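Hi everyone, thanks for having me.

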Amino acid sequence: MMGRKHKWLSCLLSAGLLLGTLTTGHAAGSQKLKDLTFSSPEQLASPCGYTQTLGGSFGVNEKGEQIFYGVCQGNPAQVIAYNVDTATVEDIKPLQGPDTVGKAAYAADVGPDGRVYIAAHQFFFIYDPATKKVTSYPSPFSEGSVMNRGTFDQEGNYYFGTYPKASLVQFNLEKNALVNLGDNMVRGQYVRAVASYGDKIFMGSMGTPDQAQIVRYDVNTKETKDIPLPEYNGYPGTECTTVYTISHLGGKYMAAKLMYPSAGTYVQCVMDMETETWIDSFTGANHTHLSELDGDVFYYASQKNICSRNILTKETKTYDNIELSGSTTMLTPKIVTLKDQEKYPGKSLIANSQSEGVVVVNFEKGSCEYFSDGFPVQAAGMRTIQAGYNGDIVCSAMQGSAIYVYNMFDNTTRKAPAAQMESILRTDGKYYLGSYGSGGGIYEFDPAKPAEKGVNPALVSTLKAAKVKQDRIFASVDGGDKIYYGSVPYYGYFGGCIAAYDKATKETKIFENIVKDHSIVGLTYKDGKLYGSTTIFGGLGITPQEGTARVFIFDPQTGKVEVEKTLKLKKDLSNQLFAGNISFSPDGRLFVGTNNVLVELDPVDLSVKNEVVIGSQPDMTVADTRWQGFFFEWAPNGLLFTNIGGKVSAVDIDTMDFKVLDGNRSNAISLGMDNNLYILSNGTASVSRITLGGLSPDRIDVIRNNALMLKLGSSKALYFGVEKQIDPANEEVKALEIDGRTLVPVRFLAENYGALVDWNEETQTVTLTIGEKIVSITLGEQKIKVMDEEIAIDVPAQTIQDRTMLPLRAFVENVMGRTVYFDDSNQLIVISNDTLIDGEKDASILTEIGKLL
């Protein structure tokens, strides 16, 4: 461990990192800023590496083999040709041209000519499997995203819709070019989904609080016609607000996934495109697409099941012998007969499973397999980060299927299955994750327990009961016995919520639209009241009316807003459309962030007291749609670190002076328990550290927050400042001294350092998985096996109180790779990532900590 410390220090000094040469702003009146030292950002890792094929479809090669063509997200994105029959990658090509780079694509469709048409954000590409070449084409729109797959007309021309101008775009084969057929083709900002029949293109809209539309466009006459949406269970089509996807079922049939808010559900509605009449509707289908018809039957995923439905008889069949063992996402599913009939007899269903590659389901065998070997794994962008316990940095991947926990000391990364998280709150030894999707809610993640899908992290609170559907959680705060969080609504809606999650009862109380038509993007808590900040932006797909962000005081006991103020500034006269984060300083002053200005508010009436202009970002417009708050991190000496104004800065709130630490934009920052600053860098793909000095933290807090501590004979422990029971089920499990040797409980220490623990009753062996390291401990043996190496221990592993115990130093130093300090006078065990304790200088502090245990 000491070698690692010396190596780190030498690198630090040789790079000249503590010079603070990036100082800008004005710090003349601030002694705290003069004392502050800081490094240039030191890139640590790009922890979020995964495969994500947002768009993809299936074709057939000259041998009759099924080929999956998918676009793997990255910078650049890569198009992959994967042979499902042979389970091999046939080609991978970067999605880029001379002046264009595609990073993601939801639309990747195999055309009648066998080529793959790829509509990306503002870019368009065609991949030719015959030549294995990617060709880029100039885009007819300067802005715009493509959110779903496209379709082909009878001539082979390709069509797709865009956001936010609701355009219909054609790739014209004769012109070999893209043609914008018109903007505002549907109500709202999205042409979300398309399908075709003959010379008709059907476009579905989303993103308005009013009625959604399906509009038919005639390729020949250029005329459009509004197709009335169907009634569902007594709810008229005029109540439908979203056409989320359209699946072309083949021939004259299509199925549109429609949202009926009053019914509280999505409904798959089947239309005969020839007669333009609705002939069927049903619920229960998962996220996106249905398969094309196989005879009279189409297939889809429902939760973890595979179902089929007969388009004529409307009978639904659930295949009880099949369970989706991994991802339940199935994009562009297809019914096929694979070449290997011994392994896949009869018919199989194949689909794009996004983060798990290609899924193959065989009906006769009832099997379900996922294939992603050889798929590109790239450093993915991150949404947010939180420096946490034990040297961990918790990262949320953009459009990912997991959170990633990077440990700066071990340089290891572990994953926990989860969707994209918009915010991370560190408290009580756990993390509370604000989710995106599924109605919005909070997941609880315990880093001391094994990660398991649906279990850890676990969804503990949700906003699904809200009358207006919610979507994203950007603001959360610990309110003692409750976690409070604020939300942004779903596509096409205004009005966020505040929710109170009771840690003890596990119940959630929802307060809806407390600031009319505003989203809640900042929250802090003091003396039983919530202080919040808002943005005028609602969910995607809806343009706000002109308005101004607000700040408010909310009493969760009465459910009433006590104070509400429009945020108007003197040093930035532009209309403030966004205000967040909001936070109390250690001495009780209240601050909120805007696009370029740090604002101090009177905590009683929320009037503006002080302003300091930090940045010079362009004024926001109603087309910007910002939800993620600016970050506020308070140092022990009262300095505020923030990313207001697109820069990483330190602010002395006493003098209102500031110093810029890094002039590059960072979307998220977090102050670690080691009092260093961690930021998103390299776009959003990497985590970097700015090493800080001169913050003068209290020594007791430094020790408490950077160690795991036990006391001989005590059933309690301090885990990086959080008190824990060593074994919640048995208070007799303690660190003990036997025959002059200190023994510690293996499971408690191992799990709190992120290891997976397994017990084999037959062999009486404990197996630990620590990153890529496997450790075996057998009861009664005086050795520990670490991979292929055996380490002798002077006291054998033994069971006490039905828990495996091992000698302290042998286990912690040799297996866990940590440093141990034993304070004999207080019988205190201090476990840290490096040398932390000075026995003489820290004697009185250790005595105080010992009293806590």
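So, Arg-803 and Asp-727 form a salt bridge, with their closest N and O atoms 2.6 Å apart. By salt bridge I mean a side-chain nitrogen of Lys or Arg within 4 Å of a carboxyl oxygen of Asp or Glu. Arg-803 sits in strand E72 (residues 803-807) and Asp-727 in the loop between strands E63 (722-725) and E64 (736-738), so this pair ties together parts 76 residues apart in sequence. Strands here are DSSP runs of E, at least two residues, and helices are runs of H or I, at least four, numbered from the N terminus.

Quick caution: this is a predicted model, where local features need pLDDT of at least 70 and side-chain atom pairs count only at pLDDT 80 or more, while totals for chains, interfaces and linings use all residues. Residues are numbered from 1 along each chain as its sequence is written, and side-chain values use heavy atoms, without hydrogens and water.

Buried or exposed, what is Asp-727? It's buried, at 8% relative accessibility, whereas Arg-803 is partly exposed at 27%. The cut-offs: buried is under 20% relative accessible area, exposed over 50%, partly exposed in between, using a 1.4 Å probe and protein chains only.
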